[in-house]
Amino acid sequence: MTDAIPHLTLNDGQHLPQIGFGTWPLDDAQAQTAVQAALACGYRLIDTAARYGNEAGVGRGIAASGVARSQVQLTSKLRGSEHGFDSTLRAFDATLAALGTDYLDLYLIHWPLPMRDLYVDTWRAFIRLREEGRIRSIGVSNFQPAHIDRLLSETGVLPAVNQIELHPDFTQAALRAWHARQGIVIECWSPLGRGEVLKDATVARIAQKHGRSPAQILLRWHVQHGLVAIPKSQDPQRMRQNLAVFDFALDAEDLAALALLDGDHRQGGDPDTNDER
Ligand code: A2P
């Protein structure tokens with residue numbers, strides 16, 4: 001089943017499957033159960049963050065799944081309170097200990113926090129950790145082009161990934177085009193708009209036309225736009241459904257109808273002002 005998931009190539013030569021499993025806002029116990037079930041369904045990209053407070057549960061879920069660590073692409077994120085060179089190195093060690101692993105496939109700076117102005121020093125620590133072989137790929141989350149430009153000009157290293165909020169009600173077309181030009185893959189958090197976009201009548205109509213669920217229509221939209229999506233679900237049936245989006249395609253008419261949904265509606269924080277630590 002996992003062979004059927006297409007992968008995108010990152011600018012550092014690594015690959016990411018186009019559908020992964022998100023774990024926000026699960027607690028440790030919920031994350032353990034959900035991650036074990038997701039791996040059994042065929043997910044191989046698992047996304048967590050120090051700030052979610054569920055890294056230990058995620059680690060236990062992977063261990064309990066019986067899937068070899070080498071077969072799982074594990075992502076975590078540095079929380080805002082740990083920005084800075086030395087604190088990043090310490091926070092990374094704590095993340096590995098919580099997850100029960102000795103490397104990460106992908107590590108992201110969770111938010112840029114431009115008001116603190118420490119993300120470049122933080123990025124230097126990420127580069128060091130990658131050079132030491134303790135992280136395969138390094139990236140960012142919720143960064144705007146100006147923040148990424150600064151990383152590049154001050155360190156010469158471009159992120160492999162930017163994980164941002166993106167769904168048909170918040171398509172960020174200009175931002176997508178910018179990332180494509182830079183060769184940065186976009187991972188989309190809340191691809192289902194935290195469940196809100198699932199209720200849309202156009203999505204329901206297209207779902208009926210294809211004999212699919214609304215969630216499958218939204219996730220297929222991400223896949224056809226060359227994005228990675230990381231839906232969260234606690235329900236194994238929905239987990240399977242969210243992964244089964246590679247055996248049908250939206251046509252031009254569907255895509256045109258979905259393009260009209262964009263209300264520029266964020267469900268989450270704004271990268272320029274959010275101060276989540
Ligand atoms: P649940 O965990 O009960 O399945 P997002 O990933 O955009 O943040 O959306 C997550 C929300 O969407 C959760 O409330 C989740 O609830 C719900 N969800 C996930 N997959 C599906 C699905 N296939 N159908 C309906 N709701 C879903």
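The second largest cavity is lined by Leu10, Gln14, His15, Leu16, Gln73, Asp105, Leu106, Arg136 and Ser137. A cavity here is a set of points, on a 1 Å grid over the protein atoms alone, where a 1.4 Å probe fits but cannot get out, and lining residues have an atom within 4 Å of a point. The structure is a predicted model, in which local features need pLDDT of at least 70 and side-chain atom pairs count only at pLDDT 80 or more, while totals for chains, interfaces and linings use all residues. Residues are numbered from 1 along each chain as its sequence is written, and side-chain values use heavy atoms, with hydrogens and water left out.

Strand E2 (15-17), strand E6 (104-109) and strand E7 (135-141) are the elements that give two or more residues to the lining of the second largest cavity. Helices (H or I, at least four residues) and strands (E, at least two) are DSSP runs, numbered from the N terminus. The volume of the second largest cavity is about 40 Å³, where a volume is the space filled by probe spheres set on the grid points, which are joined across faces, edges and corners. Its lining residues divide into 3 nonpolar, 4 polar and 2 charged. In this classification Ala, Val, Leu, Ile, Met, Phe, Trp, Tyr, Cys and Pro count as nonpolar, Asp, Glu, Lys and Arg as charged, and the others, Gly among them, as polar.

The count comes to 2 cavities of 30 Å³ or more. The largest cavity has a volume of about 50 Å³, and its lining consists of Asn142, Phe143, Gln144, Ile164, Glu165, Gln172, Leu175, Arg266 and Pro271. By class, the lining of the largest cavity has 4 nonpolar, 3 polar and 2 charged residues.

Open space is treated separately: a pocket is an open set of points with protein on both sides within 12 Å along at least five of seven lines. The largest pocket has a volume of about 720 Å³. Of the 32 residues that line the largest pocket, Trp24, Pro25, Ser190, Arg194 and Lys232 lie nearest its centre. Helix H9 (residues 236-243) provides the largest share of this lining, 3 residues. The lining of the largest pocket comprises 11 nonpolar, 14 polar and 7 charged residues.

Next comes a pair of helices. Two packed helices are described by the angle between their axes and the distance between the axes. Helix H7 (residues 201-210) and helix H8 (residues 214-224) pack at about 95 degrees, with their axes 8 Å apart. Axes are lines fitted to C-alpha atoms, for helices over the stretch in contact, and angles run from 0 to 180 degrees between N-to-C directions. H7 and H8 are therefore roughly perpendicular to each other, a term that covers angles of 65 to 115 degrees. In their contact (heavy atoms within 4.5 Å), H7 contributes Val203, Ile206, Ala207 and His210, and H8 contributes Pro214, Ile217 and Leu218. This contact has 6 nonpolar, 1 polar and no charged residues.

H8 is largely enclosed by the rest of the structure, because 9 of its 11 residues are buried. Buried means under 20% relative accessible area, exposed over 50%, and partly exposed in between, with a 1.4 Å probe and protein chains only. The buried residues of H8 are Ala215, Gln216, Ile217, Leu218, Leu219, Arg220, Trp221, His222 and Val223. They pack against E9, H7, strand E10 (228-229), H9 and helix H10 (252-259). After H8 comes Gly226, with a positive phi near 75 degrees.

Leu198 sits in the loop between strand E9 (185-189) and H7. Leu198 is partly exposed, with a relative accessible area of 27%. Not counting residues up to four places away in sequence, Leu198 touches Leu192, Pro214, Ala215 and Leu218. Leu198 and Gln216 are 18 residues apart in sequence, and their C-alpha atoms are 9.6 Å apart.

Phe21, in strand E3 (residues 21-22), counts as buried at 0% relative accessibility. Leaving aside neighbours within four places in sequence, its contacts include Leu45, Ile46, Asp47, Ile230 and Met239. The C-alpha atoms of Phe21 and Leu219 are separated by 12 Å, with the two residues 198 apart along the chain.

Thr75 lies in strand E5 (residues 73-78) and also counts as buried, at 0% relative accessibility. With neighbours within four places in sequence left aside, Thr75 is in contact with Leu45, Ile46, Asp47, Thr48, Leu106 and Leu108.

Definitions and conventions:
Parallel < 35°, antiparallel > 145°, perpendicular 65-115°, else oblique.
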